[in-house]
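Let's walk through this one contact by contact. Have the viewer open and follow along.

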Amino acid sequence: MKNRKSKNPWIISTGSGILAVLGIRLIDFFVGTKILSSIWKGIVWIFTTIGNFFTQKFEVTLLFLILLPVVVIGVILLVLWIISKFQEANSDSTTPRIPFLNYTQDIFEGIMYRWEYEKLYSGKYQITNISLYCPTCKCSIVYDSCPVCKKYYGHNRVDNAQVEALIRHRIENKKQYGY
């Protein structure tokens, strides 16, 4: 039963307060200082100052009441804008542009392919949105033929998984040779 009462947070906090006051009183008695009265005077002064602040009368114009929230919101937005600019500057300088991200199109088997990169949570990049284009007029290929040139590309078409493998192969070779 004693262990349960001694672990109660209310008993611990109340007991700590009582022990602190008794300790200060013992120091005052044996050393002859007035620590407790000095602390008490400080506490009374703080609460008196706070009370005086809230009981004072202030005269404020209506214009001030209207402009104060606008100015406060403006200052907050300005601070957030400045912080975002610093973050942009730091992110540009600390994270260099990865060279292979500029490699977004190539020709495989006579067909131009274009793609994008998507950054994953792991920090790696995934090739996405692989699209086919006519290498002659750069028009998007629809149903294996170019609507402008009327050229048929169905026999040369490569599967998207194969295109992704070819893209990865070219990226790795460019890294190997320092391109």
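Start at Thr 128, which touches Trp 115, Glu 116, Tyr 117 and Glu 118 once residues up to four places away in sequence are left out; contact here means heavy atoms within 4.5 Å. Thr 128 sits in strand β3, and with a relative accessible area of 14% it is buried. For the cut-offs, buried is under 20% relative accessible area, exposed is over 50%, and partly exposed is in between, using a 1.4 Å probe and protein chains only. Strands are DSSP runs of E with at least two residues, helices are runs of H or I with at least four, and both are numbered from the N terminus.

Before going further, some ground rules: this is a predicted model, where local features need pLDDT of at least 70 and side-chain atom pairs count only at pLDDT 80 or more, while totals for chains, interfaces and linings use all residues. Residues are numbered from 1 along each chain as its sequence is written, and side-chain values use heavy atoms, with hydrogens and water left out.

Now hop to Tyr 117. Beyond its neighbours within four places in sequence, Tyr 117 is in contact with residues including Phe 100, Tyr 103, Tyr 125, Thr 128, Ile 167 and Ile 171. Tyr 117 also belongs to the largest nonpolar core, which has 19 residues, and is among those that touch the most other members, along with Tyr 103, Phe 108, Tyr 113, Trp 115, Val 163 and Ile 167. Such a core is a set of buried Ala, Val, Leu, Ile, Met, Phe, Trp, Tyr and Cys residues joined through side-chain atoms within 4.5 Å. β2 (111-119), β3 (125-133) and α5 (160-177) each supply at least two residues of this core, and β2 gives the most, with four.

What about charges? A search of the whole structure finds two salt bridges, each a side-chain nitrogen of Lys or Arg within 4 Å of a carboxyl oxygen of Asp or Glu. Asp 106 pairs with Arg 170, their closest N and O atoms 2.4 Å apart. Asp 106 is in strand β1 (residues 105-108) and Arg 170 in helix α5, so this pair ties together parts that are 64 residues apart in sequence. Glu 164 bridges to Arg 168 at 3.0 Å; both lie in helix α5, four residues apart, about one turn of the helix.
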